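Colleague: Before we discuss the packing and the strand pairing, could you put the model on the screen?

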Amino acid sequence: MGEWMIADLRRVRSLLRGPIKGWIMTAIVGSAFVAGLDTLGVAAMLPLMQLLSGSEPSEGIAGSIAGVIGTSDMQALILAMAALVGAAFVLKTALTVVFRWWLLGHTTKLEAEASTELMRRYVLSPYAIHRTRNISEIYRNIASAVPQTFGQVVLGLLGMLADLLTLAALAVVLFVVSPLATLFCVVFFFAIGWGSQRALRARHRLIGQEIAQTDLDAWTALMPGLDGFREARITASTEHFVSRFQTAKFRRARANRSLSLVSELPKHVLEIAFIVGICAIAGFLFATNPAEAVAVLGVFAAASLRMLPTLNRAVATVGVIRAGRVGLEILANEVRKLDGEEIHKETRNAPSVSAGDVVLKDVHYQFEDAEDPILRGVSTVIEQGKTTAFVGSSGAGKSTLLDVILGLLAPKSGTVTINGRDIMDDLPAWFGSLGVVPQDIYVLDDTLRTNIAFGSSPDEIDHDRLTEAIELAQLAPLLSSLPDGLETRLGERGVRLSGGQRQRVGIARALYRRPKVLVLDEATSALDNATESKITETIEALSGRMTIILVAHRLSTVSRADKVIFMSRGLIEAEGTFEEVREASPDFAHLVALGKLG
């Protein structure tokens with residue numbers, strides 16, 4: 001095992017929360033114990049073969065057994081020795097199965113733990129970094145790289161350790177029986193195994209790279225075909241994505257076939273080498289010690305029954321580990337990046353923030369991958385209990401400013417405070433005071449009840465809050481139209497709902513949290529005029545109950561806001577009532593004249 005693998009495994013170790021040294025030591029001890037049982041069974045073959053070849057039954061191990069059973073009868077001794085050998089192999093087989101079951105159980109548990117921790121780090125990573133990630137790569141890393149690391153590399157290394165210990169123990173027994181013949185076997189088979197693996201090393205890595213790439217390609221084709229179902233159907237591109245998925249899966253199948261075949265090739269080479277080796281040993285033994293040749297060959301034959309499949313398995317495991325190395329490298333590199341990121345903590349220092357004005361002071365922001373700043377010194381006050389609308393042309397910085405207000409993005413300089421306290425000092429508490437309604441509501445394929453109480457387990461759902469949210473969001477008509485009421489499943493991405501109904505579910509979800517600040521991020525921009533008007537009426541009915549922040553393009557959505565803030569090129573160009581902003585800003589007046597805000 002190279003230094004690169006040790007370093008990568010240590011890096012991946014950070015995905016496991018519990019101690020593993022004790023588990024590894026138990027695996028090593030178990031492997032050594034299984035190897036010892038294998039050795040015992042093979043060692044017991046020597047006195048048996050000596051008896052069968054006519055040796056004196058009163059000497060050596062045979063003599064000891066004769067003393068235990070109370071007879072020197074050859075037939076009785078042979079039966080006793082055969083029973084001993086058989087019992088040793090049965091015990092070894094039973095314990096090997098138990099040990100393998102234990103080993104697989106712990107390894108698969110570690111795989112599940114690592115997958116969970118990797119997901120946790122992804123979903124708790126900074127929003128600014130998350131927005132730059134490739135979702136298909138995230139799926140590939142969790143669904144493929146983790147299983148490759150633990151199912152192929154870690155399990156392979158532990159399995160190979162057991163096999164190598166068994167081979168070493170059997171070699172010791174054979175060395176005692178015939179040193180020269182054993183030395184010949186060790187050198188001969190090591191050369192065959194090492195040579196075949198060296199010849200296949202590059203091929204193993206190429207196969208591992210192909211598997212990693214095809215898994216990524218498959219996810220890249222699957223996601224737009226399912227998540228973009230409507231667009232794929234309307235643009236008649238479904239078959240395109242299916243074809244891409246099929247191509248990736250066929251490449252994966254060919255890679256799996258190649259991996260299996262390449263991993264098995266050394267097995268066939270070793271089987272041929274085994275025949276050659278046995279013939280060579282037989283010739284050597286009959287030439288040097290014909291009297292003991294039969295007994296020694298019997299021991300070597302018994303040992304070969306254990307050594308050949310073990311050697312084949314060990315050599316094949318090397319190929320599997322090499323193919324899994326690519327997944328290990330991908331996972332280690334990803335963990336290296338995640339280790340350098342700050343993890344969001346969802347534990348609050350306080351139950352929630354106190355209600356008050358939200359004050360923005362000289363807020364600047366620039367994305368790491370952007371050349372110019374998005375926000376260039378934004379200062380304003382969002383008054384408690386009032387409705388404030390942010391408007392402006394596309395690219396003015398509205399969405400970025402909203403993410404800063406929400407706390408998803410930390411300003412590069414400047415502050416966002418409520419009651420004089422920076423929201424970044426206790427983000428979980430700030431999040432707890434927010435209710436957010438985005439343009440595209442994420443609807444779970446679950447019941448209406450679960451969708452409104454998003455993120456709450458069934459036994460945590462507050463019925464009074466649920467009823468209140470349904471009433472405030474004016475969801476009663478929808479509720480009465482559903483066959484099972486609150487227990488009606490809404491389908492994947494809410495396919496059973498209209499656009500307006502989804503928005504009302506989103507508003508109910510936000511209101512279920514009983515927020516102090518309700519944020520609507522272009523929540524009505526995708527709706528028809530009639531539906532938008534009804535949603536606007538719902539929002540207006542909430543005015544005064546809480547602070548409302550709007551980001552919108554439509555005049556009808558913002559015209560009755562208490563304050564309108566017009567943004568341009570990352571700055572606030574004008575703010576005040578709708579009419580005051582129209583008079584103060586020619587650009588805003590022009591947009592009003594055109595009948596749109598962006």
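**Core and strands**

Modeller: In this predicted model, the largest nonpolar core has 46 residues, and those with the most contacts inside it are Ile452, Leu475, Leu511, Leu518, Ile548 and Phe588.

Colleague: Which residues does Ile452 touch, not counting residues up to four places away in sequence?

Modeller: Ile452 is among the residues with the most contacts inside the largest core. Leaving out residues up to four places away in sequence, its partners are Leu466, Ala469, Ile470, Leu475, Ala508, Arg509 and Tyr512.

Colleague: Is strand S9 enclosed or open, and why?

Modeller: On one side of S9, Lys563, Ile565 and Met567 are buried, and on the other Val564, Phe566 and Ser568 are buried as well, so that both faces are covered. Because six of the six residues of S9, residues 563-568, are buried, the strand is largely enclosed by the rest of the structure.

Colleague: In which sense does S9 pair with S10?

Modeller: Strand S10 covers residues 571-576 and is joined to S9 over five bridges. The sense of the S9 and S10 pairing is antiparallel.

Colleague: In which sense does S3 pair with S9?

Modeller: Strand S3, residues 387-392, pairs with S9 over five bridges, and Thr388 stands opposite Lys563 in S9. The sense of the S3 and S9 pairing is parallel.

Methods. Residues are numbered from 1 along each chain as its sequence is written. This is a predicted model: local features need pLDDT of at least 70, side-chain atom pairs count only at pLDDT 80 or more; totals for chains, interfaces and linings use all residues. Side-chain values use heavy atoms; hydrogens and water are left out. A nonpolar core is a set of buried Ala, Val, Leu, Ile, Met, Phe, Trp, Tyr and Cys residues joined through side-chain atoms within 4.5 Å. Buried means under 20% relative accessible area, exposed over 50%, partly exposed in between (1.4 Å probe, protein chains only). Contact means heavy atoms within 4.5 Å. Helices (H or I, at least four residues) and strands (E, at least two) are DSSP runs, numbered from the N terminus. Two strands pair if DSSP finds at least two bridges between them.
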